[in-house]
Amino acid sequence: MYRIPFSLRENVESKLEELERMDVIEKVESPSQWVSPVIVVPKPGGKDVRLVVDMRAVMRERHPIPTVDEVLHDMNGAKVFSKLDLKYGYHQIELDPDSREITTFVTHKGLFRYKRLIFGINAASEKFQNIISQVLQGCEGAQNISDDNCGLWSKPRRT
């Protein structure tokens with residue numbers, strides 16, 4: 001367990017409560033075979049924090065993620081663009097109940113585990129890219145590229 005500085009503990013408690021209210025995490029009341037440490041990263045402004053779970057045992061999916069150059073090439077000649085902001089995009093993807101235990105993490109308030117896909121996990125970006133690609137399949141001119149804001153770009157059909 002990484003010790004959480006006393007100066008950040010109140011912010012961590014607020015973040016844990018927020019994530020529980022959003023149904024992103026749940027309290028673990030029983031022993032777990034998997035427990036990862038959490039790293040607390042203060043966000044600019046000092047009021048909010050990001051919880052980064054140090055998980056190294058998760059296997060990656062290996063779905064190719066397009067580069068910016070590939071997306072720009074596919075959108076060559078487009079005149080109108082739109083952007084869809086998928087705020088908390090990863091948290092829209094529910095984890096299978098059998099997979100949740102490996103996301104268990106420890107804080108000064110006890111054990112928690114994720115119920116939804118986690119930001120920062122090595123497999124998250126590839127899984128998210130794959131799911132969005134499936135959703136957009138058949139939508140002519142639509143391309144997606146994920147950044148830390150989980151953006152989705154589309155190119156309307158030429159008329």
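This is a predicted model: local features need pLDDT of at least 70, side-chain atom pairs count only at pLDDT 80 or more; totals for chains, interfaces and linings use all residues.
1. Helices, in this note, are DSSP runs of at least four residues, numbered from the N terminus. Helix H1 covers residues 6-21, and both Lys15 and Glu18 lie in it, 3 residues apart, which is about one turn of the helix. The two residues form a salt bridge whose closest N and O atoms are 3.3 Å apart. Lys15 has a relative accessibility of 9% and therefore counts as buried, the cut-off for that class being under 20%.

2. The mean pLDDT of the protein chain is 82, with 87% of its residues at 70 or more. Confidence is highest in strand E1 (residues 25-27), at a mean of 97, and lowest in strand E8 (residues 151-154), at 45. Over residues 149-159 the pLDDT stays under 50, and for this stretch the model has 49 contacts beyond four places in sequence.

3. The structure holds 6 salt bridges, one of them being the pair Lys15 and Glu18. A further pair is Glu26 and Arg113, with the closest N and O atoms 2.8 Å apart. This pair links distant parts of the chain, since Glu26 belongs to strand E1 and Arg113 to strand E6, 87 residues apart. Glu26 is partly exposed, its relative accessible area being 21%. Elsewhere, salt bridges with shared partners join Lys15, Glu18, Lys43 and Asp48 into one network.

4. Asp23 and Lys115 also meet through their side chains in a salt bridge, at 2.6 Å from N to O. Here too distant parts of the chain are linked: Asp23 is in the loop between H1 and E1, whereas Lys115 is in the loop between strand E6 (110-114) and helix H3 (124-136), 92 residues apart.

5. Where does Thr104 lie? Thr104 is found in the loop between strand E4 (82-85) and strand E5 (105-107). Its relative accessibility is 0%, so Thr104 counts as buried. The side chain of Thr104 makes a polar contact with the side chain of Ser32, at 3.4 Å. Leaving aside residues up to four places away in sequence, Thr104 touches Val28, Ser32, Trp34, Val35, Ser36, Leu111, Phe112 and Arg113. Arg113, in this list of neighbours, is also the salt-bridge partner of Glu26.

How values were computed: Residues are numbered from 1 along each chain as its sequence is written. Side-chain values use heavy atoms; hydrogens and water are left out. Helices (H or I, at least four residues) and strands (E, at least two) are DSSP runs, numbered from the N terminus. Buried means under 20% relative accessible area, exposed over 50%, partly exposed in between (1.4 Å probe, protein chains only). A polar contact is a pair of N or O atoms within 3.5 Å; within protein, one must be able to donate a hydrogen and the other to accept it, and residues adjacent in sequence count only if both atoms are side-chain atoms. Contact means heavy atoms within 4.5 Å. pLDDT is the predictor's confidence in each residue, from 0 to 100. A salt bridge is a side-chain nitrogen of Lys or Arg within 4 Å of a carboxyl oxygen of Asp or Glu.
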